[in-house]
Amino acid sequence: MPDLQSVLDEIATDLKTASERGAVASYIPELAKVDPGQFGIAVLTPDGVVHSAGDANVAFSIQSISKVFTLTLALGQVGDILWNRVGREPSGNPFNSIVQLEYEHGIPRNPLINAGALVVTDVILAGYKPREAIGLILSFMRSLAGDDSIIIDVDVARSEEETGFRNRALANYMKAYDNIRHPVEMTTGVYFHQCAIAMSCRQLAVAGSFLAGQGRHPLTGNKVVSAERARRINAVMLTCGHYDGSGEFAFRVGIPGKSGVGGGILAIVPGKASIAVWSPGLNKVGNSLLGSRALERLAKAMDWSIF
Ligand code: DON
């Protein structure tokens with residue numbers, strides 16, 4: 001087996017200077033300001049060691065990667081009853097699509113598209129004020145990453161508030177089916193803030209590591225979720241984590257992964273590694289272009305495809 005650190009160094013060196021880098025998200029104006037020349041990668045292995053290369057300590061907007069963690073939180077709060085309000089099938093549609101909601105009576109296809117994530121956030125919000133729910137999500141991220149310095153980028157949150165018309169449309173539409181139970185502004189407000197959490201690859205790889213460890217966090221030893229739940233979250237990530245690019249990601253990389261329009265991807269190799277990669281430029285379906293390429297190379301070099 002090749003040396004992991006050498007593989008990461010090689011990938012980071014090559015991709016740092018790649019000329020084709022994709023396009024940074026511009027529909028959230030604050031994200032359009034990010035320098036596309038950056039590339040970072042971090043890998044946590046079961047022995048608790050983090051290997052990293054490139055801009056692995058630079059914080060970026062985790063965006064939709066937050067959906068994996070809110071799904072974990074919501075399942076912890078209400079259990080499998082959550083699945084009455086959100087499905088577990090790939091959508092085959094863009095992350096912010098509304099079309100299926102009418103055919104499927106306000107029940108989103110899965111918790112990783114925007115509609116599904118809004119339902120999950122609405123579930124977390126029950127019994128809390130929006131500010132408390134945001135605090136809960138942030139505390140969860142901090143405890144998983146073992147780092148209390150993690151913050152919400154308020155400029156990104158504001159930028160999403162100012163431009164989040166599609167998300168409000170999704171939430172309003174689902175509210176018509178009673179699948180959003182709080183005022184739309186409350187649910188979307190919490191959702192915008194969870195998306196605006198800023199983390200580095202290193203922090204994210206540590207935070208996601210319980211999914212590679214059958215639900216147990218390798219650094220704290222804490223059981224975050226049961227082994228069965230970790231397997232199921234990974235299954236949803238594999239089939240739905242890259243939206244209408246999920247098939248291509250499974251084909252090329254072969255491991256569960258969740259992307260965000262900030263250019264990050266969290267990828268899990270069960271029993272072997274928790275990986276976070278970041279490069280801000282996106283491909284046509286809104287997933288990090290170089291992040292996906294890096295994971296393809298890494299999975300191949302380390303023989304990490306689950307298939
Ligand atoms: O709601 C949105 O559109 C963004 N806050 C998150 C979308 C996202 O990250 C899609 N991922 N590739």
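Helix α2 is followed by G79, whose phi is positive, near 75°. Helices (H or I, at least four residues) and strands (E, at least two) are DSSP runs, numbered from the N terminus. The model is a predicted one, in which local features need pLDDT of at least 70 and side-chain atom pairs count only at pLDDT 80 or more, while totals for chains, interfaces and linings use all residues. Residue numbers start from 1 along each chain as its sequence is written.

The 13 residues of α2 reach 18 Å from the first C-alpha to the last, close to the 18 Å expected at 1.5 Å a residue; the expected span is 1.5 Å times one less than the number of residues. Helix α2 is mostly covered, with ten of its 13 residues buried. A residue is buried if 20 or more other C-beta atoms lie within 10 Å of its own, exposed if 12 or fewer, and partly exposed in between, with C-beta atoms placed from the backbone. Among the buried residues of α2 are S66, K67, V68 and F69.

Two packed helices are described by the angle between their axes and the distance between the axes. The axes of α2 (residues 66–78) and α5 (residues 130–145) come within 11 Å and cross at roughly 105°. Helix α2 is therefore roughly perpendicular to α5, a term that covers angles of 65 to 115 degrees. Axes are lines fitted to C-alpha atoms, for helices over the stretch in contact, and angles run from 0 to 180 degrees between N-to-C directions. On the α2 side, F69, T70 and L73 meet I137, F140 and M141 of α5, where contact requires C-beta atoms, placed from the backbone, to lie within 7 Å. The residues of this contact comprise five nonpolar, one polar and no charged.

Helix α1 (residues 4–16) also has 13 residues and reaches 18 Å from its first C-alpha to its last, close to the 18 Å expected. Buried positions in α1 are V7, L8, I11 and L15. Seen down the axis of α1, the buried residues fall within an arc of 95°, so they line one face of the helix; the arc is that of the directions from the helix axis to the C-beta atoms. These buried residues pack against β1 (40–44), β2 (50–54) and α12 (289–302). The face turned away from the buried side carries the exposed residues S6 and T13.

D14 also belongs to α1. This residue is partly exposed, with 14 other C-beta atoms within 10 Å. The C-alpha atoms of D14 and A294 are separated by 9.5 Å, although the two residues are 280 residues apart along the chain.

Technical notes:
Two residues are in contact if their C-beta atoms, placed from the backbone, lie within 7 Å. Angles under 35 degrees count as roughly parallel, over 145 as roughly antiparallel, 65 to 115 as roughly perpendicular and the rest as oblique. Ala, Val, Leu, Ile, Met, Phe, Trp, Tyr, Cys and Pro count as nonpolar, Asp, Glu, Lys and Arg as charged, and the others, Gly among them, as polar.
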